[in-house]
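Thanks for coming, everyone. I have one structure to walk through today. Have a look at it first, then we'll go step by step.

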Amino acid sequence: MNETLTIPFHAVRVRGAFPSDLDAGALVPVPATKAGHGSQFNGDKEDMNQNLAFQHLSADQWVAVDQAIAALQDALVPALVSLTERQRRRAVKMGDGSQAFCRIACDVARKNAGLLPRDFDLEEMARDLASHDALAERFVVLSNLMERVRDTDLALGSDAMAASLEAYAHLKVAGKAEGVDGLRKLLSRRFRGQRRTEEPAKV
């Protein structure tokens, strides 16, 4: 007896993929997009061929990436600090609205250095502001880069999952194939227990 597989999200229909289970065809799940809505298969082949990430680096290019990351770490890590959770909570935060205050305070303090305590490190104050500005510029670039890295990681995983599901469906159509039963069991564990956002389809 075939094992029942519950798919708790969007699915696409592949005619004849599981003829013993569904007369009209079978439902093969397609992972949801970033917005949380999967695309519906309308019978066209191109709808099955998801390829969100189609540019791939060579082994030599990955070596160059690793070298660039290592160089960035060597250059940047000496100036970076690690804070404890308590330090993060207690630290006075300089938000966007406070930057002007800090710059004016530094300028006024320089002009009135004689009024400050002898142990007040005015030069360190100025270095903090300068380094903050320099780091902020790089932070924007790195944040944008990391957002694209995360999107690409998601896209590559989604492409691989969609291709695996499509290959599995074609193998089922062709009949008995080595490893198909194992794939079915893996898929069953993959989807079991997931929150059902729509009426589940049974494969």
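Start with pLDDT, which is the predictor's confidence in each residue, from 0 to 100. This is a predicted model, so some ground rules: local features need pLDDT of at least 70, side-chain atom pairs count only at pLDDT 80 or more, and totals for chains, interfaces and linings use all residues. Residues are numbered from 1 along each chain as its sequence is written, and side-chain values use heavy atoms, with hydrogens and water left out.

The chain has a mean pLDDT of 76. Of its residues, 64% reach 70 or more. Over residues 1–47, the pLDDT is below 50. That stretch still has 107 contacts in the model beyond near neighbours in sequence, a contact being heavy atoms within 4.5 Å. Where pLDDT is low, the predicted coordinates should not be read in detail.

Next, the cysteines. How many disulfides are there? A disulfide here is a pair of cysteine sulfur atoms within 2.5 Å. By this rule the count is 0. Cys 102 is in no disulfide, and its nearest cysteine sulfur belongs to Cys 106, 9.1 Å away. Is Cys 106 buried or exposed? Cys 106 is buried, because its relative accessible area is 7%. The cut-offs: buried is under 20%, exposed is over 50%, partly exposed is in between, with a 1.4 Å probe and protein chains only.

Now helix α5, residues 122–174. Helices are DSSP runs of H or I, at least four residues, numbered from the N terminus. Met 125 sits in α5. Met 125 is partly exposed, at 21% relative accessible area. Its C-alpha is 7.1 Å from that of Cys 106, 19 residues apart along the chain. Leaving aside neighbours within four places in sequence, Met 125 contacts Cys 102, Ala 105, Cys 106 and Phe 120.

Asp 159 is also in α5. This one is buried, at 9%. With neighbours within four places again left aside, Asp 159 contacts Gln 50, Asn 51, Leu 52 and Ala 53.

Last, the largest pocket. A pocket is an open set of points on a 1 Å grid over the protein atoms alone, where a 1.4 Å probe fits, with protein on both sides within 12 Å along at least five of seven lines; lining residues have an atom within 4 Å of a point. Here 22 residues line it, and Trp 62, Leu 145, Arg 148, Val 149 and Thr 152 lie nearest its centre. The largest share of that lining, 10 residues, comes from α5.

Conventions. Helices (H or I, at least four residues) and strands (E, at least two) are DSSP runs, numbered from the N terminus.
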